[in-house]
Amino acid sequence: MPWPTPALAVVLAALVATATAALTPAVLRTLPEPADPDGKPPYASLASHTVVAGVGLACLAATLLVTLTVPPAHWPAWLALASVNVLACAVDARTTWLPLPLARAGWAVAAVGAGVVAWASGSWTPLAAAALGALGLGLLFHLLWRTTGAFGYGDVRLAATIGAVTALDSVGLVVWALLLGTLAGAVWGIVHRVAGGRGTFPYGPGLLAGPFLALALRAAQGGLSWPVTG
């Protein structure tokens with residue numbers, strides 16, 4: 001399947017963003033609360049017009065970038081980041097929590113997406129690449145979580161999803177997503193401290209920005225139709 005025209009890419013991105021935003025209030029109202037919320041506002045209280053609009057706009061930008069720079073067979077896998085985890089990181093931005101049900105949903109979408117890539121390529125290699133990417137970044141962040149305590153375990157789960165999705169493209173994209181996501185998280189942490197913030201800050205949004213910044217950087221260097229390399 002060839003890349004879509006820019007107009008079709010906009011339509012597809014708008015449909016995904018609209019669906020994600022429309023489902024956001026219902027998802028927030030049905031998310032189970034953690035056993036020890038530690039002062040966290042209820043998830044249902046986040047179902048405001050501001051949050052819904054923010055999720056929709058972020059999803060639109062992320063999905064549009066994906067449809068313009070990633071081969072169509074890879075789109076379902078990227079929905080794990082551009083849709084499910086955009087919502088998860090919107091929650092994180094407000095609460096510093098990345099809900100486990102959304103992490104599991106992201107894993108499921110990424111797994112199905114890896115299967116689509118494998119089917120389209122006629123090879124089992126994409127499934128192995130996704131598994132190794134998830135294992136690699138997941139273990140790395142698990143070790144960092146155990147040794148530094150600088151972020152929550154939700155970020156470990158998110159890192160595993162990022163590893164799985166970006167590994168379907170190339171090792172290079174995995175590395176750039178990690179580097180740029182870490183940089184974005186560090187910048188956000190500095191801004192948080194300078195603004196007078198105390199305690200933990202949401203690391204998930206910066207981490208999630210990594211793979212999209214990597215796509216944007218690659219597109220800026222080689223054009224929007226930069227080919228995927230394995």
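The second largest cavity has a volume of about 30 Å³. The structure is a predicted model. The lining of this second largest cavity consists of Leu137, Phe141, Ile162, Ala177, Leu178, Leu207 and Pro211. Helices H5 (125-148), H7 (171-194) and H8 each supply at least two residues of that lining. By class, the lining has seven nonpolar residues, no polar ones and no charged ones.

A search of the whole structure finds two cavities of 30 Å³ or more. The largest cavity holds about 50 Å³ of space. Its lining is formed by Asn85, Ala88, Leu98, Pro99, Ala103, Gly154, Arg157 and Leu158. H6 gives the most, with three residues. Five residues lining the largest cavity are nonpolar, two are polar and one is charged.

The largest pocket comes next. About 600 Å³ of space lies in the largest pocket. Its lining comprises 32 residues. Thr95, Thr96, Trp97, Leu98 and Gly152 lie nearest the centre of the pocket. Leu98 also lines the largest cavity. H6 gives the most to the lining of the largest pocket, with four residues. The lining of the pocket divides into 16 nonpolar, seven polar and nine charged residues.

Helix packing was examined next. Two packed helices are described by the angle between their axes and the distance between the axes. Helix H1 (residues 6-30) packs against H2 at an angle of about 145°. The axes of H1 and H2 are 8 Å apart. Their crossing is right-handed. On the H1 side, the contact involves Pro6, Ala9, Val10, Ala13, Ala14, Val16, Ala17, Thr20, Ala21, Thr24, Pro25 and Leu28. These residues meet Val51, Val52, Val55, Gly56, Cys59, Leu60, Thr63, Leu64, Thr67 and Leu68 of H2. The residues of this contact divide into 17 nonpolar and five polar, with no charged residue.

H2 also packs against H8. Here helix H2 (residues 49-69) and helix H8 (residues 204-222) lie at an angle of about 45°, with their axes 10 Å apart. H2 and H8 are therefore oblique to each other. H2 passes H8 in a left-handed crossing. H2 brings Ala62, Leu65, Val66 and Thr69 to the contact. H8 brings Phe212, Leu215, Ala216, Arg218 and Ala219. By class, the contact of H2 with H8 has seven nonpolar residues, one polar residue and one charged residue.

In short, H2 takes part in both helix pairs described here, with H1 and with H8. The crossing with H1 is right-handed, whereas the crossing with H8 is left-handed. H8 also supplies at least two residues to the lining of the second largest cavity. H6, in turn, gives the most to the lining of the largest pocket and the most to the lining of the largest cavity.

Conventions:
Residues are numbered from 1 along each chain as its sequence is written. This is a predicted model: local features need pLDDT of at least 70, side-chain atom pairs count only at pLDDT 80 or more; totals for chains, interfaces and linings use all residues. Side-chain values use heavy atoms; hydrogens and water are left out. Axes are lines fitted to C-alpha atoms, for helices over the stretch in contact, and angles run from 0 to 180 degrees between N-to-C directions. Angles under 35 degrees count as roughly parallel, over 145 as roughly antiparallel, 65 to 115 as roughly perpendicular and the rest as oblique. A crossing is left-handed if the near helix is turned anticlockwise from the far one by less than a right angle, and right-handed if clockwise. Contact means heavy atoms within 4.5 Å. Ala, Val, Leu, Ile, Met, Phe, Trp, Tyr, Cys and Pro count as nonpolar, Asp, Glu, Lys and Arg as charged, and the others, Gly among them, as polar. On a 1 Å grid over the protein atoms alone, a cavity is a set of points where a 1.4 Å probe fits but cannot get out, and a pocket is an open set with protein on both sides within 12 Å along at least five of seven lines; lining residues have an atom within 4 Å of a point. Grid points are joined across faces, edges and corners, and a volume is the space filled by probe spheres set on the points.
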